[in-house]
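Subject: Structure for your review

Dear colleague,

Please find the structure below, followed by a short account of what was found in it.

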Amino acid sequence: MTTDQPFLADCRARLAFDLLANTWNAVVLWSLRHAPARPGELRERIGGISPKVLTETLRRLQLNGLVTRTAHPGSPPHVDYALTGLGRTLLGPIEALGAWAYEHGDEVLAAQDRERPFGP
């Protein structure tokens with residue numbers, strides 16, 4: 001696909017936008033960038049995510065081939081999650097979006113405040 005083509009509803013660009021549109025997808029992927037982690041470790045790294053939402057997010061990322069789930073037998077048994085090669089390819093775009101948000105976040109918040117007629 002070239003960048004001058006429109007983003008049609010069935011195009012592959014929309015697939016990428018959908019993956020990054022979910023609030024937690026990018027956060028979980030970013031939190032796995034250095035090493036695999038157990039769900040409890042991920043919750044500590046991320047903060048503010050419930051166990052249920054983390055589980056749903058990890059399942060969604062696994063379904064899309066972005067993370068792997070490895071079960072470890074033992075007492076007690078445990079699982080950990082790691083980025084796949086495909087998941088690692090999203091780190092650059094996530095970092096770019098984060099840099100954009102850092103640079104322009106105040107402008108976006110100011111625009112939102114101007115457009116709210118009756119406050120938050």
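What covers the buried residues of α2? The cover includes α1 (12-21), α3, α4, β1 (67-72), β2 (78-83) and α6 (91-115), with contact meaning heavy atoms within 4.5 Å.

This is a predicted model, in which local features need pLDDT of at least 70 and side-chain atom pairs count only at pLDDT 80 or more, while totals for chains, interfaces and linings use all residues. Residues are numbered from 1 along each chain as its sequence is written, and side-chain values use heavy atoms, with hydrogens and water left out.

The chain has six helices and two strands, taken as DSSP runs numbered from the N terminus (helices: H or I, at least four residues; strands: E, at least two). Along the sequence, the pattern is α-α-α-α-β-β-α-α.

In helix α2 (residues 23-31), the buried residues are Asn 25, Ala 26, Val 28, Leu 29 and Ser 31; buried means under 20% relative accessible area (1.4 Å probe, protein chains only). Across the chain, buried residues account for 24% of the 120 residues.

Helix α3 (residues 39-46) and helix α4 (residues 51-63) have axes, fitted to C-alpha atoms over the stretch in contact, that come within 11 Å and cross at roughly 110°, on a scale of 0 to 180 degrees between N-to-C directions. The two helices α3 and α4 are therefore roughly perpendicular to each other (65 to 115 degrees). Pro 39, Leu 42, Arg 43 and Ile 46 of α3 meet Pro 51, Leu 54 and Leu 58 of α4 in this contact.

Yours sincerely

How values were computed
Angles under 35 degrees count as roughly parallel, over 145 as roughly antiparallel, 65 to 115 as roughly perpendicular and the rest as oblique. Buried means under 20% relative accessible area, exposed over 50%, partly exposed in between (1.4 Å probe, protein chains only).
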